[in-house]
Amino acid sequence: MPAAPSSPIPAGLGQLAGWDPACPEELPDLLARLSGLPDPRRRRGRRHPLPYVLAVAACAVLAGAKSLTAIAEWAADASDRLLFCCGAALRDPDRPCRAPSEATVRRVLQHIDGDAFDAAIGGWLTARAAASRAADQGEHPPPGPARAAVAVDGKSLRGAIRADGRCVHLISALRGDGIVLAQREVDVKSNEITAFRPLLEPLDLTGAVVTFDALLTQTDHAKFLVEQKGAHYIAVLKGNHPTLHALVKELPWKEVPLLDRTRATAHGRDEIRRLKAATVPRLPFPHADQALQIVRRRRTIRTGKVSIERVYAITSLTAHQANAADLAERVRGHWAIENREHHVRDATFGEDTSRVRTGGAPRAMASLRNLAIGTLRLAGRDNIAEGLRHHGRDMARPLAALGLT
């Protein structure tokens, strides 16, 4: 990529004037992926390329921006060199790069194709993770772990209330390393059940173990995962499958030995988890092989209040494919989606208090937060708030983290 300009832009960069700063083959990977998105705007009156606006928004959110106004303010403070690296169009080589206004950012995020945007972000994060593994191993990246963990869960954006009074609701597929592989908005006239298959359809889940809550424990989902995607599942049971839930609950669990016990203290709670597993022939659920009992004993440290919860689940994994410790880790990993993704978006980015609520902007902002969180986790930063502060102190840092320099 040619040297980035300072203000004013050297005349030698005049050949770059036009809609794209370079042909797609010369773009950094993130810009290349963003350049493949359909532009929702009419061609007449466009001042900025779509990948440029989205890249600026991604950098701003990685620097801690929580609103559309904050994104525009970050862009206004950025130097010509940084804007050029984000893909700014150069109409006149003698004029500096122009930052997108708040109105431009708003229009783009309100009308962007959310499915395509999430696919581009998930693809970039997945490729970055594979490249990182390859660098660590000193060889080409492997096709993936034989038992990769994928947790599926939904989240309502409480601040994004539509005209009919409903909140925007998103369903996500989160990998064990904190990367959101896919995300979809649940239609207001539907629920997570109908969004489950479209969410996972584009993903390569061969050999993966998909975990989900009771609402998504559906026979069609089990068949889809095992027979069409070559994956396994761990599914929680509750009252929506009363017969199966009663059957598993009434198993002689007292006679089953305790196979795993873990203890953890976090968020003001001391929690002990115990897991038992039993192979049950002919369970009345597609491909189910084992039944699980998970007992969670929680004690609130401040008040000393103790609560005990028993959760039952089924899995397509056999006892030879996953031992008790592995099963317990995967169940904990599913519950961790709340802390590693949803809680971070609420506590660190203020997602539930965000005033962004028009069109597709709430989902697009959630997608940008997923990109920021995934980028920081791949960089080895578990403290997301600290990572945002770090990138907010130097405007060049978000670009470097996103591979835009």
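## Helices against the sheet

Helix 11 (residues 337-347) lies across strand 1, strand 2 and strand 3, running at about 20 degrees to strand 1. Helices (H or I, at least four residues) and strands (E, at least two) are DSSP runs numbered from the N terminus. Axes are lines fitted to C-alpha atoms, for helices over the stretch in contact, and angles run from 0 to 180 degrees between N-to-C directions; contact means heavy atoms within 4.5 Å. Helix 9 (residues 242-249) lies across strand 5 (232-237), strand 8 and strand 9 (306-315), and its angle to strand 9 is about 110 degrees.

## Model and overall content

This is a predicted model, in which local features need pLDDT of at least 70 and side-chain atom pairs count only at pLDDT 80 or more, while totals for chains, interfaces and linings use all residues. Residues are numbered from 1 along each chain as its sequence is written, and side-chain values use heavy atoms, with hydrogens and water left out.

The chain contains 14 helices and nine strands. Of its 405 residues, 50% are buried, where buried means under 20% relative accessible area, exposed over 50%, and partly exposed in between (1.4 Å probe, protein chains only). Among contacts between residues at least 6 apart in sequence, 65% join residues at least 24 apart.

Nine strands form an open sheet of mixed pairing, in the order 3-2-1-4-5-9-8-7-6. Strand 3 (180-185) and strand 6 (260-266) stand at the edges, each with a single partner strand, so one side of each has no neighbour in the sheet. Neighbouring strands of this sheet are turned by 25 degrees against each other on average, direction ignored.

Two strands pair if DSSP finds at least two bridges between them. Strand 1 (residues 149-161) pairs with strand 2 (residues 167-175) in the antiparallel sense over nine bridges, and the bridge partner of I161 in strand 2 is C167. With strand 4 (residues 209-212), strand 1 pairs in the parallel sense over four bridges; here F212 of strand 4 is the bridge partner of V152. Strand 7 (residues 269-279) and strand 8 (residues 290-300) run antiparallel and are joined by 11 bridges, with R299 in strand 8 as the bridge partner of D270.

## Nonpolar cores

A nonpolar core is a set of buried Ala, Val, Leu, Ile, Met, Phe, Trp, Tyr and Cys residues joined through side-chain atoms within 4.5 Å. The largest such core has 96 residues, of which V152, L200, L225 and I314 touch the most other members. Helix 2 (residues 50-62) supplies the largest share of this core, 12 residues. A second, separate core of 16 residues includes V209, L292, V311 and L317.

Beyond its neighbours within four places in sequence, V152 is in contact with residues including I171, F196, L200, F212, L216 and H334.

## Packing of helix 2 on helix 5

The axes of helix 2 and helix 5 (residues 102-111) come within 10 Å and cross at roughly 100 degrees. Helix 2 is therefore roughly perpendicular to helix 5, a class that covers angles of 65 to 115 degrees. In this contact L50, V53 and L54 of helix 2 meet T104, V105, V108 and L109 of helix 5. The residues involved divide into six nonpolar, one polar and no charged; Ala, Val, Leu, Ile, Met, Phe, Trp, Tyr, Cys and Pro count as nonpolar, Asp, Glu, Lys and Arg as charged, and the others, Gly among them, as polar.

## Residue A127

A127 is found in helix 6 (residues 114-137) and is partly exposed, with a relative accessible area of 31%. A127 and D29 are 98 residues apart in sequence and 9.4 Å apart in space, C-alpha to C-alpha.

How values were computed
Angles under 35 degrees count as roughly parallel, over 145 as roughly antiparallel, 65 to 115 as roughly perpendicular and the rest as oblique.
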